Structures are given as C-alpha cells and as structure tokens.
Amino acid sequence: MEFIDTHAHIDGEEFASDRDGMILRAREAGATAILVPAINLASLLNLRDVVSRYPGYAYAMIGLHPEDVRDDWRDVLAEMRSIQAASPDEFIAIGEVGLDFYWSRDYQQQQLECFEEQVKWAIDSRLPLVIHCRKAQNELVGILKKYRSELSGGIFHCFAGNEKEAAELLSFDRFLIGVGGVLTFKKSHLPEVLPSIPLNRLVVETDAPYMAPVPMRGKRNESAFIPHIIDKMAEAYGISPDEVARQTTLNAKTLFNLK
C-alpha cells in the first residue's frame, strides 16, 4: 500500500528529537510523500529547512493560519508573498489558510480579509489552497464563491461535517476533502457521511502531531498511522484498503502535480 499524507506539521518541535526516525517509519508504512503546511512567518524558516532535508519526499506550503492572524496580517502576507515570489518552485500550495471562529471572534474581520487576500494570492500564483475551517463555513463559502471560476482547486482540510456541508464544499471544482483521524473516533459520524462523497474527491491526512487515529489516539500522531484511517475509509465504502490508497494518492498527485 502506498499513500500521501497531505497535511502533516513535521516541522514542529514535537518531532525535533526523532524526525528522521518518524520519516523512516512513514516510508516503511507506505508514505510516498508528506505535504507540510505553514502556519505563520516565525516558523517558516524552520519549515523550509526541515522540508529541504527530505527532497522529493517532503513538500512545503506557505500561508498564514487563521489562528495566527492579527492586526499586522498585511505585513506578514507581504513578506510571505515576497518569499514565495523569490522561490516559486519551493511551495506547492497556499496553506494552511482559512477561517476559525471556534474559540473567539476577536479577529473575525481580520481573518475574513486575510483569507480573501490569500485566495487572491493562490489565484495569482496558480497554486492550490489548503483550507482550515471551523465554525465558519458560511463565511468561507461566501468568499470562495466570488472567485469560483479562477481557483486552481485545493483541499478542505480536516473535514468533520455532514452530507450537506460536504456537498456545498464539493460544488467547487478541483477541490478535495481531507480525511484524518477523526474518522476513526467512536462518536464520529463520518463513516456514515463518507459514502456520499465520491472517492475521487478525497485525500488522506494526519494533521500530525495532532488528531492521532484509533488505536493510536492519545499518542503523537505521525504519517505512519495513516493506514488506520485508510482501513476505516475502506470499511465505509465497502472496498479494499488498497483501492482507497490508490485513488486518494492519485487525487493528491493530480492536484499538486506530483510525480
């Protein structure tokens, strides 16, 4: 079985002591690539350094996470755009970007404006978007609709919604839904929702080091755990794990133009 982990924060301090070992375990489990989202400017240098250690295997994104949006977001984006423009082949997506009103709406307006600017950036760069959304789908969809015909596609990361929400997101062409460890949780309704989503619109992800799947829940998540997610997806669709892995890998390769 081969698969691509489309969302893993392997640059985090959680992996500082055994990053090479984690990568080795990922390879042994079948991971052929790991895609690494950015969250802010402060950690971007380390992210780029980490990714550069695994050429042709780890791939960097660039973007400002909604929970890191503050009043200086325009300056942050200007610096990020300058970095991306100077090294356009280094980044495979604008991400992790989006809206998050789960904890607070203190920076709601800044988040909305910042997300829209990053949507425009993705269009200008002809790159996919990797989108984080919590308690903000209406606002998020409202912004995306304005640019529907110009978008290069992307991933709605860490999906945990219902059939109606999935259908609304899939109305955007070339966008895929990212499925992670939440699928395996006891109270998750995703096993019932998944069959309503075409398999060619799905990718797998860990969000490592967070959201480890059952039976690894409570541990630091890593890419080697993705087979547990694939097994649960296969069960939901009534097909083999190999078929889930094959199709989701093809979906990721097509979106990100990976060989």
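Me: Which residues of helix α5 (residues 137-145) are buried?

Reply: In α5, Gln137, Leu140, Val141, Ile143 and Leu144 are buried. Buried means under 20% relative accessible area, exposed over 50%, and partly exposed in between (1.4 Å probe, protein chains only). Helices (H or I, at least four residues) and strands (E, at least two) are DSSP runs numbered from the N terminus. This is a predicted model, in which local features need pLDDT of at least 70, side-chain atom pairs count only at pLDDT 80 or more, and totals for chains, interfaces and linings use all residues. Residues are numbered from 1 along each chain as its sequence is written, and side-chain values use heavy atoms, with hydrogens and water left out.

Me: Against which elements do the buried residues of α5 pack?

Reply: Contact means heavy atoms within 4.5 Å. The partners are β4 (91-100), α4, β5 (129-134), β6 (154-156) and α6 (163-170).

Me: Is Thr184 buried or exposed?

Reply: Thr184 counts as buried, because its relative accessibility is 11%. Thr184 is found in the loop between β7 (175-179) and α7 (190-193). Beyond four places in sequence, Thr184 touches Pro213, Val214, His228, Ile229 and Lys232.
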